[in-house]
Amino acid sequence: MTVCSVVGVRPEFVLATPLSRALADRGVSHALVHTGQHHDDALSAVFFEELSLPAPDHHLGVGSAPRGEQVARAVARLRPILAAESPDVVVVYGDTTSTLAGALAAVAADCPLAHVEAGLRSGDWTMSEERTRVVVDHLADARFAPTQTAVANLADEGVTESVHRTGDLRADAVETARGLPAETPDTPDEYVLATVHRAATTDDEATLVGVLDALARVSLPVVLPLHPRTEDRLRAYGCYDWAADRVSLVDPTGYPAFLDLLAGASAVATDSGGVQREAAYLGTPCVTLRETTEWVETVARGQNVLAGTRPAAVTNAVEAAVAATPGDSRPPTGAADEVARTLADWATDEPAARPLPD
Ligand code: UDP
């Protein structure tokens, strides 16, 4: 049996790592395709090296381009690879451009498709990530939902077949990466960690400057591993030096180092999806720089606050998070094993037994 994973950006490398290991433990062959959406070493190669994720079997080299062009290149370049590998199932992760391209290519090649992180919904249809989640869930033959809410979201859309509540592969990733050596940047004893990279936060100068100014007003120093996209925008707006004077801008880190930074922070302010979940796992109070989240449980449990991007709201929410008592909710692990087992059972079943049983 062969499983083919399509990945392209760092959150996908993080999720593919435990699944790759779980498939290897079961003797299942795993072909890894890297679309090349993230091609910067700091966002790509370092994850493969530090997490011991096997080097990609295929690299599509889509590079930087408008989103539609990236999708088109990846779909076209996947066609001969899927024809040659003839996988039993194509696995895509999350909600990125690579997720969408991998799903479309699988459908075009008549390959069964499985979606990891199925059923997550923010309810914000203006996010391209949300539209990708919905489309891919509806195209998929197997849907691996991390939470009960995700299962319910799918049911609300009439999707009840081949839905598997597996837990969150990121919990397995966190567990493994916490034990690995890390090149963690120096930080003050007490600090707030911040990450900012989404188009909604960075593509509008006033929003990005407002958020950074709000973070700079927090009583603790702010450490911000700078995503290349955010750095590009700051330079284009002529605000890089202004920002560097106000918050501690550091290079993006590898995964074990980022988890160290997150675990050591008094609070984190982020517009990332995965970081909200990781903060909850590590007991670090989180402020989300968005109006909505797909990880609604973290808000319901008081681990995460939706502050949006209005400066006063951001400063106040971060101050409150710093004052909050850190939680401790070690996540249940084992999702990767569950996904690997389900995939292996599925492919060894008689074809007539498809689609996946619940
Ligand atoms: N991350 C990292 N180094 C950094 C910043 C983030 O390893 O300097 C990790 C983080 O722990 C999370 C993932 O990258 O697992 C999040 O990626 P990103 O914010 O790009 O994507 P999103 O989660 O919003 O899809």
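1. The protein is divided into domain 1 (2-167 + 334-353) and domain 2 (192-323), with bounds that come from an automatic or database domain assignment.

2. A word on what you are looking at. This is a predicted model, where local features need pLDDT of at least 70, side-chain atom pairs count only at pLDDT 80 or more, and totals for chains, interfaces and linings use all residues. Residues are numbered from 1 along each chain as its sequence is written.

3. Now see where the domains meet: 16 residues of domain 1 are in contact with 12 residues of domain 2 (contact: C-beta atoms, placed from the backbone, lie within 7 Å). On the domain 1 side, helix 1 and helix 2 (45-51) each give two or more residues, and helix 2 has the largest share, with 4 residues. Helices here are DSSP runs of H or I, at least four residues, and strands are runs of E, at least two, numbered from the N terminus.

4. Next, the ligand. Among the 15 residues around the ligand, P225, P252, F258, S272 and G274 come nearest (near: the C-beta atom, placed from the backbone, lies within 6 Å). Helix 1 (10-25), helix 12 (255-264) and helix 13 (274-282) each give two or more residues to this shell. Both domain 1 and domain 2 supply at least three residues to the shell.

5. Finally, the whole protein. You can find 16 helices and 13 strands in the protein. The C-alpha trace spans about 60 × 40 × 40 Å along its principal axes.

Definitions and conventions. Contact = placed C-beta atoms within 7 Å.
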